[in-house]
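Please look at the model below with its sequence alongside.

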2 protein chains.
Amino acid sequence: MREKEKNYPWIRKVSPGLTPPSLRDNTADVDRLIKGIKKELNGEEVHVDFSLTGKVSASLKQSGYDVSASIYEEHGDWRLIDIYDAQDNERICGVAIDLGSTTVVLRLIDLETGVAMDETSFHNPQIEIGADILTRIHFATRGEGLLHLQRMLIERLNKEIAALGRKHLVGPSGIVGMSVAGNTTMTHLFLGLNPYGICREPYIPVVNRIGLIPSRELGLDINPGAPVLVSPNVGSYFGGDLIAGILASGIHRQDEVSFLVDVGTNAEVVVGNKEWLMACAGAAGPALEGGVADMGMMAAPGVIDRVVIDPVTREFTIGMIQDAGAHPAQVKRPVGICGSGLIDLVAQLFSAGMIDLRGRFVEEACGNRIVEENGIQQLVVVPPKDSGTGRALTLSQTDLDGLIRSKAAMYTILTTVASTVNIPFAEIGKFYVAGTFGSYIDPRSAITIGMIPDLPLETYVSLGNTSLEGASMALVGSEAREALFRIRDQITYLELNVNQEFMNLFSAAKFIPHTDTSLFPTVAVRE
Amino acid sequence: MREKEKNYPWIRKVSPGLTPPSLRDNTADVDRLIKGIKKELNGEEVHVDFSLTGKVSASLKQSGYDVSASIYEEHGDWRLIDIYDAQDNERICGVAIDLGSTTVVLRLIDLETGVAMDETSFHNPQIEIGADILTRIHFATRGEGLLHLQRMLIERLNKEIAALGRKHLVGPSGIVGMSVAGNTTMTHLFLGLNPYGICREPYIPVVNRIGLIPSRELGLDINPGAPVLVSPNVGSYFGGDLIAGILASGIHRQDEVSFLVDVGTNAEVVVGNKEWLMACAGAAGPALEGGVADMGMMAAPGVIDRVVIDPVTREFTIGMIQDAGAHPAQVKRPVGICGSGLIDLVAQLFSAGMIDLRGRFVEEACGNRIVEENGIQQLVVVPPKDSGTGRALTLSQTDLDGLIRSKAAMYTILTTVASTVNIPFAEIGKFYVAGTFGSYIDPRSAITIGMIPDLPLETYVSLGNTSLEGASMALVGSEAREALFRIRDQITYLELNVNQEFMNLFSAAKFIPHTDTSLFPTVAVRE
């Protein structure tokens with residue numbers, strides 16, 4: 001076979017320019033199309049799935065043999081997706097999906113240009129069954145539970161894809177490819193595969209590397225021949241969303257060693273470069289129970305995402321997420337605080353001397369902002385008169401303790417990973433922060449509370465939704481798709497060993513910024 | 001990829017001997033199976049179709065990871081058909097089918113040994129719609145006609161396969177492969193493809209080369225993942241049955257140039273050797289209308305297949321097809337005459353001087369065997385008292401004229417083909433005669449009437465059902481399967497040009513044995 005170009009669109013449209021048959025050239029219809037496309041592809045192998053045989057012949061006859069075709073490549077051979085009357089100039093599009101357990105994000109992509117056309121997001125409808133993954137796994141193993149979970153997701157996807165399509169005048173058959181990135185459980189539920197083994201020793205998924213699946217086998221209302229690419233899992237606790245994330249970050253192509261941290265329901269850490277990759281993720285034992293999840297509130301209009309406290313007057317300036325393009329008169333009052341706002345708040349409280357290094361409220365500094373409810377101290381962030389809910393927005397000692405456990409867990413994991421690979425933090429090239437949540441975090445604040453290492457701010461790069469970005473890249477280019485599977489195969493998975501040493505590190509990290517303040521030279525600590 | 005052996009079973013069973021998962025080896029189920037089979041195959045690529053993903057995982061868990069698997073190879077990669085508990089020692093079998101428009105023959109084959117286990121045959125149920133192909137094509141293009149024709153065939157196949165399976169204790173899931181050889185129309189009807197283009201200028205089938213089809217897409221009650229191999233067509237008038245026939249004859253592997261003639265509803269002729277192949281088949285215009293079809297009566301118990309006439313006494317000795325193992329007392333009386341019997345009869349009549357070289361009854365030689373009905377002369381072959389029907393079995397002048405037209409057509413085609421490729425008959429290595437009908441023909445009689453060239457009798461080799469044999473070979477070995485497609489691609493199709501020269505040759509061949517008796521030196525011609 002001819003050497004393929006390194007990077008090419010693996011889903012594409014071809015116009016083979018067929019000559020109609022005659023007594024002198026009585027090649028059969030399907031064979032004629034295959035021959036035409038093969039010529040267009042400089043001799044690469046082309047197959048037509050049996051289910052399309054009848055359609056091909058009918059379409060050739062109807063169009064007078066003036067057709068174009070959508071095709072995709074797998075294992076070096078091309079396969080027909082669909083055939084069109086060339087005069088119709090049918091557009092070919094694809095959908096990339098970040099299949100989050102909480103939020104699902106869809107991106108509509110023009111596959112001829114690779115350009116993103118639109119994006120939409122919605123709550124995963126499976127939340128109705130259970131907000132957490134374990135509840136869904138248990139539900140899936142009972143009766144028709146698995147089918148039900150799969151259907152509610154697929155039906156919602158169909159609805160959202162149809163809506164996106166209508167907006168851009170793309171019919172279901174115009175969607176000729178899909179790329180999905182989700183964690184291992186979400187991937188199993190999307191595919192209707194039993195997730196039982198994922199959460200039980202020895203934690204065995206049904207499948208990690210999945211070949212392209214024709215969309216019709218999943219009940220998706222897109223072109224029935226469209227290939228569905230599923231980002232591969234490393235194992236039960238390291239899923240395709242993270243592999244797609246690594247792809248999007250590009251750390252697997254760089255010389256220098258970089259960190260990639262995905263701060264979502266769990267904290268997932270990847271470190272490496274173009275030669276090696278090590279990953280560490282998920283449920284790392286009782287010490288991390290709850291993980292960094294408490295910080296993972298959804299950013300939405302009316303939610304506080306920035307807090308500045310004047311170190312002298314201790315006055316609060318509150319920043320809030322606004323409706324895009326909302327009229328100033330319609331600006332909402334705050335109704336809650338999201339994770340990045342919380343990190344800002346705690347960092348500012350610490351800098352203003354309102355909490356101490358053990359994360360306790362300093363009563364004399366907090367003054368009348370401190371109230372007590374059910375025996376637990378609360379700090380009033382927004383008084384009732386300024387709140388959108390009519391009640392005070394507060395930060396309780398419990399919230400604070402939770403945040404500190406989370407940030408200590410994060411820092412301990414980072415320390416452990418760095419020491420395992422023997423790379424001092426100072427030698428890190430870039431520190432990428434992924435996840436919608438991660439993209440809002442102010443690194444300065446995260447450093448102040450000792451959540452992430454005290455590195456020059458330019459080391460930190462926020463990447464946004466890397467799962468969606470990686471899924472999109474793999475849908476559009478062959479090199480990215482191959483990289484997805486290469487990354488999966490290359491990665492070494494580090495099972496966090498929650499031993500005495502880990503617990504010692506964790507305890508030391510439960511201070512603000514840390515017991516060893518020399519690790520955070522840029523953080524001013526009030527004695 | 002490792003160089004594959006030249007010939008290997010492309011459907012096979014493997015026992016990968018998997019190690020069950022553990023915390024130290026948490027490869028996912030499907031990935032584990034793939035890895036195990038890949039190792040067993042020295043690193044060749046292995047894929048598991050998505051539809052089998054769930055079953056693989058369940059089966060691995062149920063069997064404690066002690067499984068065997070049936071797999072097949074296509075385009076160099078292996079694909080899973082099914083997975084079994086290794087302790088069950090499941091047998092894997094396949095079915096080869098000669099899909100005749102009149103008769104369908106099934107052969108059950110043990111795929112581990114390649115040995116034929118049993119065979120069964122039945123009338124094609126589509127005869128109910130129409131005995132000839134054209135009627136079926138017309139029926140197929142009306143309403144649900146195509147679906148109806150396909151279903152009646154598939155349902156009957158399912159019934160017959162089930163019966164064969166029961167006899168040999170092979171369940172439907174134990175049939176993991178199928179190989180089908182039929183003419184182009186029969187192939188289209190089997191696959192549910194519109195045959196409309198086959199019989200209309202410019203005679204374009206839907207497809208000639210068909211990839212392996214999973215049996216479930218055809219509604220076959222065998223293992224749903226079993227690959228169905230369909231012998232490829234050259235065009236509308238040269239189908240997969242003939243390609244399979246060439247494969248079975250082996251002429252494509254020989255140094256010497258041989259002829260292969262399939263005498264069925266049409267007369268199909270192939271000539272060539274390992275370097276080139278030329279074929280000529282089917283409807284060659286008005287001269288051949290009816291073709292050799294009139295001779296194609298079914299051989300069955302009670303049908304005359306041999307006739308000897310004493311040249312002096314002109315007494316008839318009649319040979320008849322008997323029920324296998326029938327008691328002498330139950331021997332039937334003759335009810336008809338089959339094609340090979342007819343050839344014998346006419347050859348003997350000619351040798352005994354009872355017909356002349358123009359194929360007319362010689363009244364003085366025939367004596368009281370000649371009767372006249374509706375103004376047409378009839379020769380009584382079996383008088384009413386000896387006949388199974390109670391009426392005389394006769395040969396009319398019309399029958400005789402038909403046979404002579406047919407034999408003249410056959411000889412003219414052979415002459416035309418030989419002269420096109422510039423090979424004198426005397427240089428033919430072997431002259432293979434295929435088809436159930438062909439296998440009964442006595443070459444001596446066929447030479448006597450001038451149907452086939454006057455060559456040494458050892459030149460003629462009867463091959464029996466070459467379609468079935470070719471389909472079986474291609475099901476069992478990779479080399480034969482590849483050869484099937486190579487033969488198809490190699491073959492040059494000769495469209496018979498029914499011009500004045502052809503008609504002249506045809507007229508000359510309408511004599512017994514021929515106008516030019518020097519072409520038949522071994523045939524004694526009474527002056």
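In this predicted model, 12 residue pairs are in polar contact across the interface of chain B and chain A, both residues being at pLDDT 80 or more. Three elements of chain B, namely helix 1 (29–40), helix 2 (53–62) and strand 4 (77–85), each supply at least two residues of the side that touches chain A. By residue type, this side of chain B divides into 16 nonpolar, 10 polar and 9 charged residues.

The contact itself takes 35 residues from chain B and 35 residues from chain A. Between the two chains an area of about 2,800 Å² is buried, and carbon and sulfur atoms give 65% of that area. On the chain B side, B:F50, B:I204 and B:V206 supply 22% of the area that chain B buries against chain A, more than any other three residues.

Salt bridges are found elsewhere in the model: over all chains the count comes to 34. In chain A, A:R306 forms a salt bridge with A:D344, and the closest N and O atoms are 3.5 Å apart. This pair links distant parts of the chain, with A:R306 in strand 14 (residues 303–309) and A:D344 in helix 7 (residues 339–351), 38 residues apart. How exposed or buried are the two partners? A:D344 has a relative accessibility of 3% and counts as buried, because buried means under 20%. A:R306, with a relative accessible area of 32%, is partly exposed.

Chain B has a salt bridge between the side chains of B:D118 and B:K167, at 2.6 Å from N to O. Here too the pair links distant parts of the chain: B:D118 lies in strand 7 (residues 115–123) and B:K167 in helix 4 (residues 145–167), 49 residues apart. B:D118 is buried, with a relative accessible area of 16%, whereas B:K167 counts as exposed at 59% relative accessibility.

Another pair in chain B is B:D356 and B:R358, which form a salt bridge with the closest N and O atoms 2.9 Å apart. B:R358 has a relative accessibility of 48% and therefore counts as partly exposed, since exposed means over 50%.

Which residues are linked in a network of salt bridges? In chain A, A:R107, A:E119 and A:E469 are linked in this way.

Conventions: Residues numbered from 1 in each chain as written. Chains lettered and ligands numbered in written order. Predicted model: local features only at pLDDT ≥ 70, side-chain atom pairs only at ≥ 80, totals over all residues. Heavy atoms only, no water. Contact = heavy atoms within 4.5 Å. Buried area = accessible area lost by both parts, 1.4 Å probe. Polar contact = N/O pair within 3.5 Å; in protein donor to acceptor, adjacent residues only side chain to side chain. Helix = DSSP H or I, 4+ residues; strand = E, 2+ residues; numbered from the N terminus. Nonpolar A, V, L, I, M, F, W, Y, C, P; charged D, E, K, R; others polar. Salt bridge = Lys/Arg side-chain N within 4 Å of Asp/Glu carboxyl O. Buried < 20%, exposed > 50% of the residue type's maximum accessible area, 1.4 Å probe, protein only.
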